[in-house]
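Thanks for coming. I will go through one model today, beginning with a strand pair and ending with the aromatic rings.

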Amino acid sequence: MTEHPNATKLRAAAAGLQRGDLEVFLDAYAEDAIYRVAGDNLVSGTFRGKDAIRAFFLNLIEVTEGTMRVEVSDVLADDEHVVMFWDLVVSRQGRSLEASGAMAFRVDADGKYSESWFLYDDQRAYDAFYS
């Protein structure tokens, strides 16, 4: 069975982000996209529009001193949704976090991500790390 094109597209976008090419990742988003990061910490929130999403990632890179490494473990997709499961290692201020989670995306009629949700497996640990 071949992989759904939306899964292939997400793998390519995630690979761009992992290489440090933020624009490759952002190209997958609609201009008016909504990016949601769960939690109550310095990087959580709802970010509306591609410029706000870019600013979120630039802040995240700064806060983590560029240490974040995400490995995609699986991707599920259909014509309207994509879900990525991931494992993460990140450091900041002498602390480190290893975590797993999922990121869900809604795909619009143009094949762009109109909404996404970033979810950790242990929200308390995530909030403590980014506090």
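Start with β3 and β4, the latter covering residues 81–92: they pair in the antiparallel sense over eight bridges. Helices (H or I, at least four residues) and strands (E, at least two) are DSSP runs, numbered from the N terminus, and two strands pair if DSSP finds at least two bridges between them. Within this pairing, E71 stands opposite D87 in β4.

Before going on, the ground rules. This is a predicted model, where local features need pLDDT of at least 70 and side-chain atom pairs count only at pLDDT 80 or more, while totals for chains, interfaces and linings use all residues. Residues are numbered from 1 along each chain as its sequence is written, and side-chain values use heavy atoms, with hydrogens and water left out.

Now the whole sheet. It is open, has six strands in the order β2-β1-β6-β5-β4-β3, and its pairing is mixed. At the edges are β2 (45–48) and β3 (69–77), each of which pairs on one side only. From one strand to the next, the twist averages 15 degrees. Helix α1, residues 5–18, packs on this sheet and touches β3, β4, β5 (95–107) and β6 (113–120); its direction makes about 170 degrees with that of β3. Helix α3, residues 50–63, lies across β1 (29–37), β2 and β4, and runs at about 45 degrees to β1. Axes here are lines fitted to C-alpha atoms, for helices over the stretch in contact, with angles from 0 to 180 degrees between N-to-C directions; contact means heavy atoms within 4.5 Å.

Leaving aside neighbours within four places in sequence, R69 is in contact with Q18, D87, L88 and V89. R69 counts as partly exposed because its relative accessibility is 44%; buried means under 20% relative accessible area, exposed over 50%, and partly exposed in between, with a 1.4 Å probe and protein chains only.

Last, the rings. How many aromatic pairs does the structure hold? There are 16, counting rings of Phe, Tyr and Trp (its six-membered ring) with centres within 6.5 Å; planes under 30 degrees apart count as stacked, over 60 as edge-to-face and the rest as tilted. The W86 and F118 rings have centres 5.1 Å apart and planes at 10 degrees, so they are stacked. W86 is in strand β4 and F118 in strand β6, so this pair ties together parts 32 residues apart in sequence. F105 and Y113 form a tilted pair, 4.5 Å centre to centre with 40 degrees between the planes. Both F105 and Y113 are buried.
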